[in-house]
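The sequence and the structure come first, and the description follows.

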Amino acid sequence: MWPAGAHRDAAGRLVIGGVDATALAERFGTPLYVVDESVVRGRAARIRAAFERAAAEAGTEVAVYYAGKAFLSGAMVRWMRAEGLAVDVCTGGELAVALAAGAEPTALGFHGNNKSVAEIERAVAVGVGTIVIDSEIEIERVADAAARAGRIQRVRLRVNSGVHASTHDFLATSHEDQKFGLPLARAVELGERIRSHASLEFVGLHCHIGSQIFDASGFAESAERLLAAHAELSRTAPVPELNLGGGFGIAYTEADDPDPIEQIAERIVGRVAETCARLGVPVPKLAFEPGRWVIGPAGVTLYTVGTVKAVPIEGGERRYVSVDGGMSDNARTALYGAAYTARIASRSSDAPAALSRVVGKHCESGDIVVDRELLPADTAPGDLLAVAATGAYCWSLASNYNHQPRPAVVAVRDARARVIVRGETVDDLLARDAGLEASADHDPTEGAHA
């Protein structure tokens, strides 16, 4: 759950990347996102090596894309490219970040269920490596944009395999009744339609079965279903690639027990190779899109405790520990009941454990950071609280609810810390409010009702 190498020093303070968490809070304030750069890069290298090893045993190659939606910044893009990962983006904004950070356009994939015409035109114009077709209408949109630009655009077709990941409904993305992708039954028809456009190069099918998945079984079953359509499409022209998506899970609590990524890679690719042999088609080049697996365990969020109060519940009491952030910096608990692990980071304690709920400062009863945790009974205002495994989908889902400025992101490595995303201030929030602009000839009461 915690970044590799995180530990407590002699005074009981949490140390991440060689930097004392208390010193980080004093220097940068709280709430604060902390990311251990060495852990991020190490996990990126590990997952790439795992899939490359499995692919080599199957006689093929693999491309590993980092799913930028989990957490994207200029530094993150550079880290991923340095570790040999391509980058997936799904909006024009994410594309802009990746390009500004120096990523080669050919190393980018562009997802999204509702890409605007402008976004498609931009992606084609800069030479994005692959665009994922998510609906019928996008076939013509991408083809037209590529024809106007005088390019042949590589595309994948996203289909739903019907394999339902064992995860929250909001995280399962390959069942039929949802917004992503197209029915697998239409894969051959739509693949041939893509091939009918001279400005498009059909490189293969794509599927994503969900997120926070702990083993290979769902991926393997999905791959077998996709390969049936892949084989049929291969009868008329080569289909060089197959993208099986991402969604590899991580541990947020002690109850979570994901399989090692090496085992997952071996089993998925093994099933692909077996199925291809049975169908009589070459093993295609494979692609995978991890996001959470790479960045999630490398992140820790630091908060300062503001108030503590006991609330009676059946059979005892629950202590509500309120911190200076909440659903504005971590929406996952409120969004789909995500579970987290929290610890006091500024000291050690011999006090007995007390059933606690870590909550935010927002005007919502559902503003919960950690629903259930055993924290020391002497947890008190001023304590520094650390929440583990917040690298993924926390900063990227952050908001200004209740006009709360979004926290900074600080990278730590080799006992040094640096800001990689600047935190917002109240002045930043006020600067965007056009209604606060001063005007000498405007009466602020004009038009007001008595």
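Predicted model: local features only at pLDDT ≥ 70, side-chain atom pairs only at ≥ 80, totals over all residues.

Two packed helices are described by the angle between their axes and the distance between the axes, where the axes are lines fitted to C-alpha atoms over the stretch in contact and the angles run from 0 to 180 degrees between N-to-C directions.

| Helix pair | Angle between axes | Distance between axes |
|---|---|---|
| α7 (residues 187–195) and α8 (residues 217–234) | about 40° | 9 Å |
| α5 (residues 117–126) and α6 (residues 136–149) | about 45° | 9 Å |

At the angle listed for them, α5 and α6 are oblique to each other, and their crossing is right-handed. On the α5 side the contact is made by V117, I120, E121 and V124, while α6 contributes R141, V142, A145, A146, R148 and A149. Sorted by class, this contact of α5 with α6 has seven nonpolar and three charged residues, with no polar residue.

Helices α7 and α8 are likewise oblique to each other, and α7 passes α8 in a right-handed crossing. Here A187, V188, G191, E192 and R195 of α7 meet A229, E232 and L233 of α8, and the residues of this contact divide into four nonpolar, one polar and three charged.

As for the cysteines, the structure holds zero disulfides. C207 is in no disulfide, and the nearest cysteine sulfur, that of C276, lies 15 Å away. C207 is buried, with a relative accessible area of 1%, whereas C363 is exposed, with a relative accessible area of 65%.

Definitions and conventions: Residues numbered from 1 in each chain as written. Heavy atoms only, no water. Disulfide = S-S within 2.5 Å. Buried < 20%, exposed > 50% of the residue type's maximum accessible area, 1.4 Å probe, protein only. Helix = DSSP H or I, 4+ residues; strand = E, 2+ residues; numbered from the N terminus. Parallel < 35°, antiparallel > 145°, perpendicular 65-115°, else oblique. Left-handed = near helix turned anticlockwise from the far one by under 90°. Contact = heavy atoms within 4.5 Å. Nonpolar A, V, L, I, M, F, W, Y, C, P; charged D, E, K, R; others polar.
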